[in-house]
Each structure stands twice: as C-alpha cells, then as structure tokens.
Amino acid sequence: MSQARQYELVYIVSPDATEQDVADLHAQVEANVARYGGGMVKSENWGRRKLAYRIGKHREGTYVLEVFTGTGELTKELDRRLKVSDHVIRHLCIRVDEELRLAERTKARREADQQKRIARGLSAGGAKQRAEDEGGDDDQADRAEVS
Amino acid sequence: MADERQGRGPSGPRGRGSARGGEKGGPRRGMFRRRKVCRFCADKIDYIDYKDAKMLLPFVPERAKILPRRISGVCAMHQRKLQTAIMRARLLALLPYSTD
C-alpha cells in the first residue's frame, strides 16, 4: 500500500468524433488525473482500428490508451465521466501495478537463479536442466529411505 | 493435429494410446508422447498483455473460444493469466466473443 497505484485506461472513441473531440477527451482525463493528485505516465493514441465485433452501430473506433497513477476515487470519477460521454463507446480501466511488480519480481528471481547456477560452476541451463537435477536428487533420497 | 494429440501430458489417458498401437501396427502412440512445454514459460513471458491481440490470437482459434490447455500445453498459471487477458481483449473488441 505504500506505493502509488498505477492504472491503465483504454477507451474507444466513436469514429464519428472529430480529432478535436479526441483531444478534448484526452485533456479531460488529464485534468481529472491532476485534480485527484495523480500523475500521467503514458498516453498513446492507437488511431482508428477495426472492432472485432459491432458495438452499437459502429464497426471501427479510435483507441486511446492512458497510463496514470492515482487513487480509487479517481478511477471512479473517470469511469463515471466516460460512461456519460457520448463519444466514448467502450472503456476499460484496470489496475496494473501489482501484476507488473509481480512480473518484475519473477524476472529478478530468475536472473538471480541464473547467477547462482553460474557461481556454482553449473551450466547456465534452463528449467529443463534443473528439473533433471532435482529428479536425480529425489532418486537418491528414495534410495536412502529404502536402505 | 496428430502432433497435438500425441503431446498429451504425462497424466493424460494412457490406455487409449497403447491399445491402438498394438492393434494395427501403426505408429506406436504411447511410445513417442512428446511432452509439451508451456510457451510462456519457455519464452520467459511474465506478463501477458491484453493489448497485444496478435499474441493472443493463436489461443482463440476459429470459433474464438479459448483453447484448452490440454491442447496448447500452457501451464496452469499462464492459462489463468491468458484467460483474463483474453477476456479483457474481448471487452475492448480487440478479439471477438464468437464468430459465426
């Protein structure tokens, strides 16, 4: 809970909207993030894409991705505003910091393992090698129990 | 297709493969069961991104249903993550819910 929560927001703007509308929406999101004491991390416009299925009467839409830090209050407010907005046909806001941190930790642990293996003078093999090693250990343990 | 069938995990049904092999002298299935490796573990992908529709596409064939892991060989942990990623991608119309 010590670190700030990071969120990813993707919204699809209707193809009828002008570029000005898209810019306005982006500005609105940014203003809200600032108002609730969050910070923008990244903002991407994926441009116009075909939808995988029809949403309402639309077959394509403009995708915008915003990554920001903030609080739950902020996402609630953004959610409400995007729901009300006429131009936004779909939006999704999810928290990503925990998953990203988990991924980073796994990566760090894997690298540490690799280092340890090298330090022990073993080949820098992957999981397969390790599984074989462990298998061997198990066999030995079994035999010890029998005798 | 045949390849995928052969590659059932070690816990897969055994009886079927060996019975077949004995009967007709065809390829002995039970012998060469290739162990499938989770693609995400092998490629060391820790975070399955829902925004990357191209990466998710092989896991939603034809009817856009999620490929079961007994066929794809994905490990349980990554299948769970894959599932949420696909569901998110579907919501954003990056992937279809169904195709007719």
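**How chain A meets chain B**

Hi everyone. Across the interface of chain A and chain B, the rule finds nine residue pairs in polar contact, both residues at pLDDT 80 or more; that means a pair of N or O atoms within 3.5 Å, where within protein one must be able to donate a hydrogen and the other to accept it, and residues adjacent in sequence count only if both atoms are side-chain atoms. This is a predicted model, where local features need pLDDT of at least 70 and side-chain atom pairs count only at pLDDT 80 or more, while totals for chains, interfaces and linings use all residues. Residues are numbered from 1 along each chain as its sequence is written, chains are lettered from A in the order in which they are written, and side-chain values use heavy atoms, leaving out hydrogens and water.

On to the contacts. In all, 24 residues of chain A are in contact with 15 residues of chain B (heavy atoms within 4.5 Å). The rule also finds three salt bridges across this interface, each a side-chain nitrogen of Lys or Arg within 4 Å of a carboxyl oxygen of Asp or Glu. B:Lys51 forms a salt bridge with A:Glu8, with the closest N and O atoms 3.0 Å apart.
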